[in-house]
Amino acid sequence: MQSKVAHAAERAAFGLVVDKILKDASVEGREENIDHLITMAGKLLKDTSPGATRGLRKGIYPGSKWESFLFDVIDHTDHNVLKTTILNGGYEAAFRGLRNTTANAEKYQCNVPWIILFDPTSACNKHCVGCWAADYGNRLNLTYDEMDSLVSQAEELGTHLFMLTGGEPLVRKADVLRLAEKHNESLFNIFTNASLVDEEFCAKVAELGNIVFSVSLESYESSINDGRRGDGSFEEVMHAFDLMREHGLLFGTSTAYTRENTEKVSSDEFFDLLIGKGCRWAWFFHYMPVGEGANADLMPTVEQRRYMFRRIRELRAPEGGKPIFAMDFQNDGEFVGGCIAGGRVYCHVNARGDVEPCVFIHYSNANFKKSGNWLECLRQPIFQAYRKHWLFNKNLLMPCPMLENPQELPKMVEESAARPSEYVAPESAKDLCARVTPYAEAWAKVADELWLEMYPTGQKTYADKMSQTDVDEKAKIIAEEDKKAEAIVA
């Protein structure tokens, strides 16, 4: 683990470099400085994404779509917001944070996530169809002190990226701002319906610099969006986008794709709307039939999922597509080594304090409100079961132990004696997985076809050794690198 003195020196050095790069990228002839940006990004992502430099050089070159995208981000984002996002999200979370979480995973022999999702509250001013949070009621909250303790303990272990879900996180707007202000070396991504975004709030976010937004949006047509989220929701989002862009904030969208909306939320019209409003990314989440009123018939068909697999990759390809970074939580499993839940990369804390493997997997042995000890929560039996049984499928288009491998979750829940943590309609893992088994069997055939198209041997190959190295070995490599770096600082 790096010492505090070495960390302060390293962060300061990265900050100076970021300042210079952003300045050089804002002047005439900036195309010539693009290589410095890529080199910096490669250093920041060397552990989270060892192949990042190769990918960036492939996509960012003079006149390319992604070069224009990059310069547009620089030109229209508040300097403090952009610099702080790079430092906290790039340096603290993706580079130094991942190195520290890896070292601690080896030290404590448990998964230590570099992303934590938590729900400040179960309260929400909407009741969107199909949202897992809609079931939770409005009386559950993590107090400010509990959120502060969670973030503080997580930072000590190396986590510096926090995603706030709910409920509607901005129901607790004052506490969210207070938390971000105190923890000014972490990045907070707020998943929000945007109805509570206003001028004063945006000004404060620009001042802090360490908050970004993923806004819920279901269609480019107001009637469809409002049909799921309530009358006036579409215009609330459009207004919030305008305010956030005027203040130079960073934001994108979060969309659940279902059997009913897949084609609309992946259409040119949808992406053109987002780009025109200043969105930088678009998260896509496969609808999961979890919780009260769960409906397997709302899941996209396997052909719709095949279409989304191709469509999202087409959108972000170096040539063609659209200048917005689109990600599919389910179909992009190959880029993160399969399932990321159970603390391997991330986990979820609900507003009752239950520490869950995933926002869609509501089983737990630990409650942060009761224990107050984050490391103890990470060492709970169901997280250890995830650590033991991962990888759930060598075909990384089938990453999940529930949706694509429904035989796996019941085994882990039984083995760990985890209890259901669903607020309203708790159910056994067997019943949950029985609901998705027909889909899993149908998708397996399509997934195998797509996987073999990309990897004829059936095995994903990596151009670097780090991607194939286990956690304990990575920790040793990182420790040796840090030891050499500290010797230079000393």
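Predicted model: local features only at pLDDT ≥ 70, side-chain atom pairs only at ≥ 80, totals over all residues.

Reply: Start with one pair. Arg313 and Glu334 form a salt bridge, and their closest N and O atoms are 2.7 Å apart. A salt bridge here is a side-chain nitrogen of Lys or Arg within 4 Å of a carboxyl oxygen of Asp or Glu. Side chains of opposite charge can pair when their charged atoms come close.

Me: Which parts does the pair of Arg313 and Glu334 tie together?

Reply: Arg313 lies in helix H13 (residues 302-315). Glu334 sits in the loop between strand E7 (325-328) and strand E8 (346-349), so the pair ties together parts 21 residues apart in sequence. Helices (H or I, at least four residues) and strands (E, at least two) are DSSP runs, numbered from the N terminus.

Me: Are Arg313 and Glu334 buried or exposed?

Reply: Both are buried. Buried means under 20% relative accessible area, exposed over 50%, partly exposed in between (1.4 Å probe, protein chains only).

Me: Which residues are linked in a network with Arg313?

Reply: Salt bridges link Arg313, Arg316, Asp332, Glu334 and Lys460 in a network.

Me: How many salt bridges does the structure hold?

Reply: There are 29. One of them joins Lys204 to Glu207, at 3.2 Å between the closest N and O atoms. Both residues are in helix H8 (residues 199-208), three residues apart, so about one helical turn separates them.

Methods: Residues numbered from 1 in each chain as written. Heavy atoms only, no water.
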